[in-house]
Structure formats: C-alpha cells, structure tokens
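Me: Could we go through this model together? I would like to begin with the metal site and then turn to the sheet.

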Amino acid sequence: MPVGQDYYQVLGLARGASGDEIKSAYRKLARQYHPDVNPDNPEAEERFKEISEAYSVLSDPEKRQRYDAFGPAGVNGGGGGGFSRQYGGGGAGGDAFDTLFDLFFEAAGGRGGGTAAQPRGGLDGQDLRTDIYLSLEEVMTGVERTVEVMRQAPCETCDGSGAKPGTIAETCSKCRGMGQVRQTQSTFLGSFSSVRPCPNCHGEGTVIPHPCPDCNGSGRQRKKEEMTVEIPAGVESGMQIRLAGDGDAGARGGRDGDLYLVLHVRPHERFERRGADLICEWELTFPQAALGTTAEIPTFGETVSHKIPPGTQNGTPFTLKGHGLPKLQGRGTGDLHIVTKIVTPTHLGEEQRQLYELLARVESGEMARENGKAPEREAEHLGLFDRIKDFLSGG
Ligand SMILES: [Zn+2]
Ligand SMILES: [Zn+2]
C-alpha cells in the first residue's frame with residue numbers, strides 16, 4: 001500500500017464508520033476489484049490488495065483501535081501479532097474472503113479446513129444459521145431478500161473493544177502480553193515446566209482497566225439486525241449461502257462468526273423440478289390430441305409455444321430446450337418437459353353431445369352402413385375388448 005494512504009479512504013468511509021459499514025463497503029469493492037472478475041489487470045489486483053488489507057485491519061476491533069491511535073505503524077509489525085496477510089499468499093486465513101465465490105455464495109458444507117486463524121486472544125463469535133424459503137419464480141430470476149437476525153453485534157459505545165471510551169486495553173502485566181504463562185514445578189523426578197493461558201488476562205494478552213459500561217467489557221451487545229442478501233438464480237433446496245463475518249461478532253480481537261442462510265425451495269403447483277429441468281403436465285382434449293394443436297405454456301414471465309402433432313397419445317413427453325431454470329453461476333439453462341394428459345369431458349353441452357354421438361356412430365361404422373358404404377378404418381378403432389375377443393377366437 002502506498003505510504004500515507006488511509007485505510008478509511010481506501011474503503012471510502014468516514015473514520016467513525018460502524019463495523020457493518022466497513023463490512024458492506026469491503027464486500028462491494030471486493031466484488032468489483034476481485035482478480036477473478038478482472039483477469040490480467042494488475043491495477044485491479046493492486047486495488048484489491050489494498051482493499052483486503054484495509055478491511056483486515058478495520059474489521060478487527062483491536063487492530064482498528066491501534067490503527068486509529070498510531071496509524072499504520074500500530075498495525076504493521078508493531079504490536080502483538082502484527083499484520084501479515086497478503087492476497088493469494090500462504091493461507092494466513094483471517095476474515096477476508098478467498099475467492100469470488102465466497103463473496104457471493106457457498107454450497108452446503110461450509111468452507112472446510114485450511115483457514116485456521118492465527119492464534120490470538122479474545123472471544124470468537126458463533127456461526128449462526130437462518131432459513132430462507134423461496135418460490136420457484138424466485139429461483140428463476142434470483143431475488144433480493146432481507147433477513148432479520150438476532151446476533152451478538154459489536155458494542156457501539158466502545159466499538160467492540162470492551163474498553164470505556166477514551167481508555168484502551170492495556171498489556172497484561174502478568175504475562176507481558178504473551179497471553180500465556182510458564183509454570184515450573186519441582187518434583188522428586190526433576191522440574192517440569194508447562195505453559196498455560198495467563199489467568200490474569202484469560203490468554204488475551206491484554207486487560208481492560210476501565211470496562212465499557214454498556215457491555216460490561218464484553219465488547220458485544222445482543223441486537224436484532226436486518227441484512228439484505230442477493231440470492232442468485234438457480235439455487236436448490238439445502239444449499240447454503242455463507243455471509244462471512246455476519247454471525248455473532250467476535251470480541252476483543254476474536255474472529256467474527258459466519259451467518260449461514262439455508263435455502264428451501266417451496267414446491268410449485270404446476271411445475272415439478274429436477275435440477276434445472278422443469279416438468280409439467282399438459283392437458284389435451286380429445287379433438288386436440290386427435291387433430292394436433294399448439295400448446296401455449298405459461299412459464300415464469302414468458303409463454304412458450306409448442307406444436308402438438310395430430311394423433312398424440314396420452315402421456316407423450318415433449319422437451320422444450322432451454323425453457324427450464326437457469327443453472328447456477330451462469331452455466332446455462334435447463335429444459336422444460338411437458339407430458340400430455342388427455343382429459344375426458346365430464347359435462348357435455350348439447351352441441352358437444354350431438355358431435356360426440358355423431359363421432360361414435362362414425363367410429364362404430366353405423367354411419368357408413370346407413371349410407372351403404374364400408375365402415376371407415378373400423379379395424380383401427382376396435383376397442384381393446386374387441387381385439388382380445390378376436391385374438392381368443394383366432395380372428
Ligand atoms: Zn461496550
Ligand atoms: Zn496475561
């Protein structure tokens with residue numbers, strides 16, 4: 001990062017920005033400048049590094065406090081732990097997102113291993129989970145949802161430090177900031193030394209001489225928060241979206257928990273779903289099945305036409321390529337399958353009745369006989385029962 005560049009400026013924020021403002025500014029910029037979105041663009045990569053660096057300091061209440069007090073010197077190799085994260089580097093972990101995919105979305109199973117935090121004190125935030133119910137229409141288009149989450153948020157009074165405003169945490173005098181103490185025990189077999197967390201600072205390396213009155217020094221407050229999240233098109237039931245750092249806030253340098261949104265797609269009254277494919281039943285009347293017709297199928301936001309050829313039987317499938325659901329991450333679109341269902345009328349109007357009676361007479365050969373002609377296509381129209389009779393009598 002160029003000398004003199006301010007972390008707040010990098011994220012486009014004022015100095016008093018809240019933890020959530022920092023997070024959302026970071027997300028927005030990271031999506032914009034992520035190397036995956038800007039391949040072979042060294043400027044964007046440089047910018048992305050700056051953004052990640054600024055975020056990793058400002059999102060950590062302890063580092064932020066040092067930065068606010070001492071500037072970059074307070075966080076670069078200075079105080080306990082220091083700051084060493086580089087984008088694409090040795091997997092130091094931390095709070096920043098590793099891939100663009102992480103920024104938006106993560107399939108079930110969490111992010112897996114490989115992100116072990118650097119040892120540091122404080123209290124880690126819990127991961128939280130909330131369920132989101134979606135309609136198939138929303139899966140089709142993707143949707144923006146506002147979720148309400150009860151979470152441990154950084155205390156606004158002390159900005160998560162736990163220290164009364166105007167005071168700061170002090171290095172623990174017992175362990176001199178190490179967070180652990182060595183204890184030597186003498187036994188008749190010799191002396192043994194063991195290392196254990198410092199009892200004075202509970203392993204944090206710092207103590208708060210003047211606790212914040214609003215959170216009693218915990219640095220956190222339970223709060224109901226609203227978050228807006230974009231759910232991409234094509235998601236399926238059981239998938240999860242991870243919002244890194246939106247779980248319970250860590251306190252005094254601990255890691256923030258993540259928020260997992262577990263998705264559920266409600267069944268649709270007309271369409272059945274198989275992956276990105278949609279299946280629906282398509283009803284045909286007798287004349288439509290016999291004469292052929294054009295099916296006008298209303299899907300989500302469009303009506304799709306498909307020719308049904310004459311002589312279509314019950315249960316015939318037709319596939320309409322590319323009229324299913326979008327696949328995740330723009331990997332194409334599924335198909336729409338319709339399966340015919342021929343519907344027998346239950347109530348006939350007078351005109352219909354006459355026409356069906358006429359048809360029945362034609363099909364039975366009665367009409368032809370009346371007109372002195374041979375019955376038309378009689379054999380084809382023999383019922384199943386008649387055919388079995390013919391078969392049994394050897395005809
Ligand atoms: Zn507080
Ligand atoms: Zn200590």
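**Zinc site and sheet**

Reply: In this predicted model, the zinc ion (ligand 2) is coordinated by the SG atoms of Cys172, Cys175, Cys198 and Cys201, at 2.2 to 2.3 Å.

Me: What is the geometry of the site of the zinc ion (ligand 2)?

Reply: The site is tetrahedral, with angles of 101 to 118° among the 4 donor atoms of the zinc ion (ligand 2).

Me: And how are the donor residues spaced in sequence?

Reply: The donor residues of the zinc ion (ligand 2) follow the spacing C-x2-C-x22-C-x2-C.

Me: Is cysteine 198 buried or exposed? And why?

Reply: Cysteine 198 counts as buried because its relative accessibility is 1%, and the cut-off for buried is under 20%.

Me: What about cysteine 201, buried or exposed?

Reply: Cysteine 201 has a relative accessible area of 3%, so this residue is buried as well.

Me: Now the sheet. In what order do the strands run?

Reply: The open sheet is formed by 3 strands in the order S1-S9-S8, with mixed pairing. Strand S1 (128-134) and strand S8 (240-243) are the edge strands, each pairing on one side only. From one strand to the next, the twist averages 25°.

Me: In which sense do S8 and S9 pair, and over how many bridges?

Reply: S8 pairs with strand S9 (residues 259-265) in the antiparallel sense, over 4 bridges.

Me: Which residue in S9 does glutamine 240 stand opposite?

Reply: Glutamine 240 stands opposite valine 262 in S9.

Key: Residues are numbered from 1 along each chain as its sequence is written. Chains are lettered from A and ligands numbered from 1 in the order in which they are written. This is a predicted model: local features need pLDDT of at least 70, side-chain atom pairs count only at pLDDT 80 or more; totals for chains, interfaces and linings use all residues. Side-chain values use heavy atoms; hydrogens and water are left out. Two strands pair if DSSP finds at least two bridges between them. Helices (H or I, at least four residues) and strands (E, at least two) are DSSP runs, numbered from the N terminus. Axes are lines fitted to C-alpha atoms, for helices over the stretch in contact, and angles run from 0 to 180 degrees between N-to-C directions. Donors are N, O and S atoms within 2.8 Å of the metal (3.2 Å for Na, K and Ca); water is not among the atoms, so sites may look incomplete. Four donors count as tetrahedral if all angles lie between 85 and 135 degrees; four count as square planar and six as octahedral if opposite donors are over 155 degrees apart and all others between 65 and 115; anything else is irregular. Buried means under 20% relative accessible area, exposed over 50%, partly exposed in between (1.4 Å probe, protein chains only).
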